[in-house]
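This report goes through one protein model, from its strands to its charged side chains. Please keep the sequence and the 3D view at hand while reading.

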Amino acid sequence: MRARTLADLSAPLMALRLLATEFPDLPALALDVSTIFPDRLTMSVHDDHAAFEAWREALNIDPESVVHHVQGGGRTQVLSARTDFAGAVVELVGYSQVPAIEPVPAGAGALS
């Protein structure tokens, strides 16, 4: 279903309004409301795991339900989770760089 009017986006917009009221001191995130998924509010954070965790806890999302995957040729890790809040599906997404692996010189750590 595609939203045709602003009223079709009322669930995620109401969820956003309530989140702003209930959690005004939590970190700001990138927000997305889409006409393609009119019942969803997507909240994204970049390079700030602490902000992702703060929002995960505030939304009462079980840590076991957080999905982890890697994209961008192995350079970007993604954490994502969903929950229902105020009649909308809230998708929380955290992006961060995968730490570079430092090469170990040949013979390093070898027993003498």
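## Terms and basis

Two strands pair if DSSP finds at least two bridges between them. Strands (E, at least two residues) and helices (H or I, at least four residues) are DSSP runs, numbered from the N terminus.

This is a predicted model, in which local features need pLDDT of at least 70 and side-chain atom pairs count only at pLDDT 80 or more, while totals for chains, interfaces and linings use all residues. Residues are numbered from 1 along each chain as its sequence is written, and side-chain values use heavy atoms, with hydrogens and water left out.

## The sheet

Five strands form an open sheet in the order β1-β2-β5-β4-β3, with mixed pairing. β1 and β3 (67-71) stand at the edges; each has a single partner strand, so one side of each is left without a neighbour in the sheet. From one strand to the next, the twist averages 25° (axes are lines fitted to C-alpha atoms, for helices over the stretch in contact, and angles run from 0 to 180 degrees between N-to-C directions).

β1 and β2 run antiparallel and are joined by four bridges; they form a hairpin with six residues between them. L31 has M43 in β2 as its bridge partner. β2 also pairs with β5 (residues 88-97), in the parallel sense and over seven bridges, and here L41 stands opposite V90 in β5. Strand β4 (residues 76-85) pairs with β5 in the antiparallel sense over 10 bridges, with L92 in β5 as the bridge partner of A81.

## The loop residue S34

S34 lies in the loop between β1 (30-33) and β2 (40-46). Is S34 buried or exposed? S34 counts as buried because its relative accessibility is 16%; buried means under 20% relative accessible area, exposed over 50% and partly exposed in between (1.4 Å probe, protein chains only).

The side chain of S34 reaches the backbone nitrogen of I36 at 2.9 Å. Apart from neighbours within four places in sequence, S34 is in contact (heavy atoms within 4.5 Å) with L9 and R40.

## Helices and core

Helix α1 (residues 10-22) lies across β1, β2, β4 and β5, at about 50° to β2. Helix α2 (residues 49-58) lies across β2, β4 and β5, at about 160° to β5.

A nonpolar core is a set of buried Ala, Val, Leu, Ile, Met, Phe, Trp, Tyr and Cys residues joined through side-chain atoms within 4.5 Å. The largest one has 18 residues, of which L19, M43, W55, L59 and L92 touch the most other members. Two or more residues of this core come from each of α1, β2, α2, β4 and β5. β2 is mostly covered, with six of its seven residues buried.

## Salt bridges

Side chains of opposite charge can pair when their charged atoms come close. The structure holds four salt bridges, each a side-chain nitrogen of Lys or Arg within 4 Å of a carboxyl oxygen of Asp or Glu. R56 forms one with E53, their closest N and O atoms being 2.9 Å apart. These residues are three apart in helix α2, so about one helical turn separates them. R56 is buried at 8% relative accessibility, whereas E53 is partly exposed at 22%. R56 also meets E57 in a salt bridge (3.8 Å, N to O), and E57 is exposed at 54%.

The side chains of R82 and E91 meet at 3.6 Å, N to O. E91 is buried at 15%, and R82 is partly exposed at 48%. A network of salt bridges links R40, R82 and E91.

Key:
Polar contact = N/O pair within 3.5 Å; in protein donor to acceptor, adjacent residues only side chain to side chain.
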